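Dear colleague,

Please find below the structure that I am handing over to you.

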Amino acid sequence: TFPTAVGLGPWLDPNARATAALSRFGIGFIEIGPVTNSGITAARPVRRLEKQQALWIDDEPGSISVAECNRRLSNAALKVPVLIRVHDSRESERVIRELNSSASAMIVLTTDYDSSLERWPTHIDAIIAAAGARRILLCITADQNLATCSPMIDAALACGVAGFVVDGSIKADPDGHLIGL
């Protein structure tokens with residue numbers, strides 16, 4: 001349950017530095033991340049593209065480590081639900097298992113999954129098991145091919161995924177994503 005319908009996505013405070021302060025502005029949730037096992041320093045920062053009224057995000061965005069995310073969440077007095085975006089399907093089960101239990105839900109990206117569709121239900125089952133009582137949401141990008149991701153959506157629902165997040169980003173050639181108009 002969200003107190004309001006508007007939330008903050010992962011690119012405003014990806015490293016959870018201002019999470020507690022941001023939770024006081026009347027928003028309904030805060031999304032942190034992406035989170036990876038060891039954290040990755042972004043090669044290129046998020047850029048504001050004023051003429052396009054958009055933000056540009058690198059295809060390989062930085063991430064916060066599980067340990068740092070847990071430390072920051074433990075020290076924050078949060079007034080809203082926290083959603084955590086988990087990056088890199090190869091280690092998502094481990095990351096989810098180790099993440100702070102105060103997170104309301106984990107968001108798993110379909111675009112990170114690089115194995116066959118036949119293995120997808122097993123992958124989702126393992127992620128749901130790692131989450132325990134926390135909910136799993138599946139993230140789909142705005143420009144993802146519906147014919148390609150529909151079988152993933154159907155299988156995820158059958159496995160018990162709690163819902164979906166439509167990421168407003170679209171591919172920006174050659175090596176990034178745009179969020180905006």
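The buried residues of helix 4 (residues 120-131) pack against four elements: helix 3 (92-98), strand 6 (105-109), strand 7 (135-141) and helix 5 (146-159). Please bear in mind throughout that this is a predicted model.

Helix 4 itself

The residues of helix 4 that are buried are Trp120, His123, Ile124, Ile127, Ala130 and Ala131. Seen down the helix axis, these buried residues of helix 4 fall within an arc of 125°, and they therefore line one face of the helix. An α-helix has 3.6 residues a turn, so residues three or four places apart point the same way. On the face of helix 4 turned away from the buried side are the exposed residues Thr122 and Ala129. With its 12 residues, helix 4 reaches 17 Å from first to last C-alpha, close to the 16 Å expected at 1.5 Å a residue. Glycine 132 follows helix 4 and has a positive phi, near 65°.

An open sheet is formed by 6 strands in the order 4-1-5-6-7-8, with parallel pairing. Strand 4 and strand 8 (163-167) stand at its edges with a single partner strand each, so one side of each has no neighbour in the sheet. Strand 7 is joined to strand 8 by 5 bridges, and the two run parallel; within this pairing, cysteine 139 has valine 165 of strand 8 as its bridge partner. Helix 5 packs on the sheet and touches strand 7 and strand 8, its direction making about 170° with that of strand 7.

Strand 1 (residues 30-36) is mostly covered, 7 of its 7 residues being buried. There are 4 bridges between strand 1 and strand 5 (residues 82-86), which run parallel, and the partner of glutamate 31 in strand 5 is leucine 83. Strand 1 is also joined to strand 4 (residues 64-65) by 2 bridges, again in parallel, and threonine 36 stands opposite serine 65 in strand 4.

Nonpolar cores

Which residues touch the most other members of the largest nonpolar core? They are Ile84, Ile96 and Leu99, in a core of 32 residues. Two or more residues of this core come from each of strand 1, helix 2 (66-74), strand 5, helix 3, strand 6, helix 4, strand 7 and helix 5. Helix 4 gives the largest share, 5 residues. Apart from this core lies another, of 8 residues, including Leu83, Ile107, Leu109 and Val165. In soluble globular proteins, nonpolar side chains tend to be buried together.

Leaving out residues up to four places away in sequence, isoleucine 84 touches Ile32, Val35, Cys69, Leu73, Leu99, Ala103, Ala105, Met106 and Ile107.

Backbone features to inspect

Two cis peptide bonds may be of interest. One runs from glycine 33 to proline 34, with omega near 10°, and proline 34 has its place in strand 1. Another runs from aspartate 173 to proline 174, with omega near 0°; proline 174 lies in the loop between strand 9 (170-172) and strand 10 (176-180).

Positive phi values also occur in residues other than glycine. Alanine 16 has a phi near 55° and lies in the segment before helix 1 (19-22). Its relative accessibility is 7%, so alanine 16 counts as buried. Glutamine 53 has a positive phi of about 50° and is found in the loop between strand 2 (47-49) and strand 3 (54-58). Glutamine 53 counts as exposed because its relative accessibility is 54%.

The loop between helix 3 and strand 6

Serine 104 is found in this loop and, at 34% relative accessibility, counts as partly exposed. How far apart in space are serine 104 and arginine 134, C-alpha to C-alpha? They are 5.8 Å apart, although 30 residues separate them in sequence. Leaving aside neighbours within four places in sequence, serine 104 is in contact with Pro81, Val82, Leu83, Arg134 and Arg135.

With kind regards

How values were computed:
Residues numbered from 1 in each chain as written. Predicted model: local features only at pLDDT ≥ 70, side-chain atom pairs only at ≥ 80, totals over all residues. Heavy atoms only, no water. Buried < 20%, exposed > 50% of the residue type's maximum accessible area, 1.4 Å probe, protein only. Pairing = 2+ DSSP bridges. Expected span 1.5 Å × (residues − 1). Arc of directions from axis to C-beta. Contact = heavy atoms within 4.5 Å. Axes fitted to C-alpha atoms, helices over the stretch in contact; angles between N-to-C directions. Core = buried A, V, L, I, M, F, W, Y, C linked by side-chain atoms within 4.5 Å.
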